[in-house]
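Q: I have a structure open on my screen and would like to go through it with you. Could we start with what counts as a contact, and then move on to some residues?

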Amino acid sequence: MKKIGFLSFGHWTPSPQSATRTAADALLQSIDLAVAAEELGADGAYFRVHHFARQLASPFPLLAAIGARTRNIEIGTGVIDMRYENPLYMAESASAADLISGGRLQLGISRGSPEQVIDGWRYFGYQPAAGENESDMARRHTEALLDALRGEGFAKPNPQPMFPNPPGMLRLEPWSEGLRERIWWGAGSNATAIWAAKLGMNLQSSTLKDDETGEPFHVQQAQQIRAYRAAWAEAGHTRTPRVSVSRSIFALMDSRDRAWFGGSRDDSDKVGFLDEKTRAIFGRSYAAEPEKLIEQLKQDEAIAEADTLLLTVPNQLGVDYNVHVIESILKHVAPAMGWRA
């Protein structure tokens, strides 16, 4: 059985063609979609984080609100750019959201992708230390977050505090037990997937990665997942890791689906450059009638390797349509794939 959730980028635009025209629309519709997805029996509601963009940017108020409105569905991110994060403040915010949800937070983080502004993290007050680049800084922030989430005391208490302290060094509060094991790393290369395995993080692999072999995207992604699992075993971790992949998958069920996605030209991988040095490969989208869609998905090696599939949803088409998109996959595709009984 495979866990199936949705991943929303939370785009909004004032265009009259958009059903999501303001930041408030994007946030409130995200909550409504998560509630509806839980009612359908979906396993997860995940949200991408981008700064300086008309998209979702501050995840923890949103995740806490969804946690308060739902009872079972996993709530998460895919992903938070750690170049922009204060790891200690983040640990407090994430723990609070996790406690509100009853321990359902699945926190996806990463080095981040190209953003809307040049070195946007500098505006947030961060810069690489001497000898670091921005990727090193992101990994340093990540390791500090993981340390804080262990719940161990590290701060020297004031001998004359305003309120009584427990004995010993103090930890951050609130602290949510178990959250440390629900941190996921969004890996764009085999090397960073292996690094994540060594640190005991779950793996999120999206539809973009470094083009390391020239093979089809799903083949390279499956290889990345296998390398990650091998590194996990070598590290000696005792629990079983989780691995997710994300895909744009649309079952053409009615005239709306055919109008929006029936003529899709995203049915093959794309290759481009993230910067002057990094050649990246972008995975294809899937849009077809359920019978054909099932046959196509059976050929996707990375989906087969993963235990969690995140459906990338076109959030600007509105909550009702996206409920239809998710329901179509859960009812007409997932059972035939062995993902649902």
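A: Contact here means heavy atoms within 4.5 Å. Please keep in mind throughout that this is a predicted model.

Q: Okay, with that in hand, which residues does Ser 176 touch, not counting residues up to four places away in sequence?
A: Ser 176 touches Ser 95, Asp 98 and Leu 99 once those sequence neighbours are set aside. With Asp 98 there is also a polar contact, made side chain to side chain at 2.6 Å.

Q: And where is Ser 176 found?
A: Ser 176 sits in the loop that runs between helix H4 (134-148) and strand E6 (183-186).

Q: Does Ser 176 count as buried or exposed, and why?
A: Ser 176 counts as buried, because its relative accessibility is 4% and the cut-off for buried is under 20%.

Q: Switching to Trp 121, where does that one lie?
A: Trp 121 is also a loop residue, in the stretch between strand E5 (105-110) and H4. Trp 121 is buried, since its relative accessible area is 2%.

Q: What is Trp 121 in contact with, leaving aside neighbours within four places in sequence?
A: Trp 121 is in contact with Arg 83, Tyr 84, Tyr 126, Gln 127, Pro 128, Glu 134 and Met 137. As for Glu 85, its C-alpha is 8.4 Å from that of Trp 121, although the two residues are 36 apart in sequence.

Q: Last topic: how many residues are in the largest nonpolar core?
A: The largest nonpolar core has 74 residues, and those with the most contacts inside it are Phe 6, Leu 107, Ile 109, Leu 293, Leu 297, Val 333 and Trp 339. Helix H1 (residues 23-40) gives the most to this core, contributing six residues. Apart from this core lies another, of five residues, including Leu 252, Phe 261, Tyr 321 and Val 325.

Q: And what does Trp 339 touch, not counting residues up to four places away in sequence?
A: Trp 339 touches Met 1, Lys 2, Ile 4, Leu 297, Ile 303, Leu 309, Val 333 and Ala 334.

Notes: Residues numbered from 1 in each chain as written. Predicted model: local features only at pLDDT ≥ 70, side-chain atom pairs only at ≥ 80, totals over all residues. Heavy atoms only, no water. Core = buried A, V, L, I, M, F, W, Y, C linked by side-chain atoms within 4.5 Å. Buried < 20%, exposed > 50% of the residue type's maximum accessible area, 1.4 Å probe, protein only. Helix = DSSP H or I, 4+ residues; strand = E, 2+ residues; numbered from the N terminus. Polar contact = N/O pair within 3.5 Å; in protein donor to acceptor, adjacent residues only side chain to side chain.
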